[in-house]
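Subject: Structure for your review

Dear colleague,

Please find below the sequence and structure that I am handing over to you. My notes on what was found follow directly after.

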Amino acid sequence: MTLESQLLFFITAFFNFAIACTVYLHRPDEKINKTFALFVGSISGWILTLFLLYSWRIQPFVIVFGRANFVFAELIAFFVFFFVYLFPRKLFSLPRLVTTGLFVWVTLLTTVTLATGLIDENEIVVGVATKTFYGPWYPIFVTHFAAFSLASIVLLVIKIRSFKGEMRQQLEIFAGGWLLGVIIGSLTNIALPNLGLHTSQYGPVSSIVLVAAIAYAVAKHEMLNVKIIAAEVFLLTLMLLLVINIALAYSPSGQLIAVMMLLFGGFAGFALVRDVRQEIRLREMSVSLSKELAAANDHLKRLDELKSEFVSIASHQLRTPVSIIKGYLALLRDGMYGEIPEPVRAKIVQIAEMNERQVRLINNLLNVSRIERSRIEYNCLRFDVIRIIIETSEEMLAEVTRHGLTMEFPGAATTP
């Protein structure tokens, strides 16, 4: 395996592992995050053991790496099924007995695969290549991988058709990344090699597309910030590349330059992550304050509606007894209950005027309530403003006279 291929395998495995760790550490208690980390960790383990299988030439180690590669393949199929089952939420619940049975099955299968030759009987180094000899249980491995993969695809399709809105978009992102990864993997491992092109070493890169798509969907589902995750993964990958650069330097001066680049890159990456976190924190604070302000505004609107409702109800309740009092005062003033002495009549007139002011006040409150509720009806007519002013002046004459004042209005008779 060339140095380019070795670096590509190693960087791909590290990149996937960095994404898995970053997403998991943001919400370590969530089952979806745990399953995602196990699934992507299995992909990274598969790539890493594939790299070791192609790189090492020592026979005993080659057998171990080959069988470990089969184990990680079994785990990939197993954990992708459980990830689809959980993400973004369960469509149904598997019985506890079934779940336990599946975990027991995968534990037994991986143990048999790693400890015996029933699935991977032997790995023989032939020149620069490695030839695999399958054991008698190899069809069981194929059945396991195909069954869990097919179940994952069927369940994913069912969920996409069942869910709506944002959940469906998250599943579509997952499915799109999966499909694109399969296409890239098929091109680099099957189609292009059959045309005589040596592209099989680029196959594991297709896993980055799948892992990145799933990580994005999980981040959106868990309300994680994609920018922060992307910045952290970028920083980890950058640090890895700079460390590799130090290892590949041929001279002390080259190593010194590489170390300086590592220090500078680490500082710049740390500053980038810090700035992104600060930006996101400020933005989240702004969104939170905006939501609080909107909630307070809705509360104020509700209080205003309750106030208008109270004023309307209170005004209607007050209007009835005031109107009754007005009617009885009119009857007393007109002598319907017998002759009334003049001093008493004057008081009745005064009470009637106060009652009339209460009636106008209640009507005004009702009008305000109708205006606030947009229920008031406008009936626009032509009227004589001078006449209204004169009538209003006459109504206020008693109160003005009682205070020893005079009121004049041009066009009306002078009042004492």
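For the surface patches described here, a residue qualifies only if it has over 30% relative accessible area and takes part in no salt bridge, and nonpolar side chains are joined within 5 Å. By that rule, Leu91, Phe92, Leu150, Val154 and Ile158 make up a nonpolar patch on the surface, and their accessible area together is about 420 Å². One of these residues, Ile158, belongs to helix α5, which covers residues 138–162. Ile158 counts as partly exposed because its relative accessibility is 39%.

Please bear in mind that this is a predicted model. The mean pLDDT of the protein chain is 77, and 74% of its residues reach 70 or more. Among the elements of the chain, helix α4 (residues 96–115) has the highest mean pLDDT, at 94, whereas helix α8 (residues 226–248) has the lowest, at 62. Where pLDDT is low, the predicted coordinates should not be read in detail.

Overall architecture

The protein chain contains 12 helices and 2 strands. Along the sequence, the order of these elements is α-α-α-α-β-β-α-α-α-α-α-α-α-α. The chain has 416 residues, of which 32% count as buried.

Charged residues

How many salt bridges does a search of the whole structure find? The search finds 1. The salt bridge joins Glu172 to Arg168, and the closest N and O atoms are 3.3 Å apart. Both Glu172 and Arg168 are in helix α6 (residues 165–194), where they are 4 residues apart, about one turn of the helix. Glu172 is partly exposed because its relative accessibility is 40%. Arg168 also counts as partly exposed, since its relative accessible area is 29%.

The C-alpha atoms of Phe51 and Phe10 are separated by 7.3 Å, although the two residues are 41 apart along the chain.

Ser55 is likewise in helix α2. Is Ser55 buried or partly exposed? Ser55 counts as partly exposed, because its relative accessibility is 24%. Between the C-alpha atoms of Ser55 and Ser5 the separation is 9.9 Å, and these residues are 50 apart along the chain.

A cis peptide bond

Finally, I would draw your attention to one point in the backbone. Most peptide bonds are trans. The bond from Phe87 to Pro88, however, is cis, with omega near -10°. Pro88 is located in the loop between α3 (59–86) and α4.

Yours sincerely

Notes
Residues are numbered from 1 along each chain as its sequence is written. This is a predicted model: local features need pLDDT of at least 70, side-chain atom pairs count only at pLDDT 80 or more; totals for chains, interfaces and linings use all residues. Side-chain values use heavy atoms; hydrogens and water are left out. pLDDT is the predictor's confidence in each residue, from 0 to 100. A salt bridge is a side-chain nitrogen of Lys or Arg within 4 Å of a carboxyl oxygen of Asp or Glu. Buried means under 20% relative accessible area, exposed over 50%, partly exposed in between (1.4 Å probe, protein chains only). Patches are made of residues with over 30% relative accessible area and no salt bridge: like charges are joined within 9 Å, nonpolar side chains (Val, Leu, Ile, Met, Phe, Trp, Tyr) within 5 Å. Accessible areas come from the Shrake-Rupley method with a 1.4 Å probe; for residues, only the protein chains shown count as cover.
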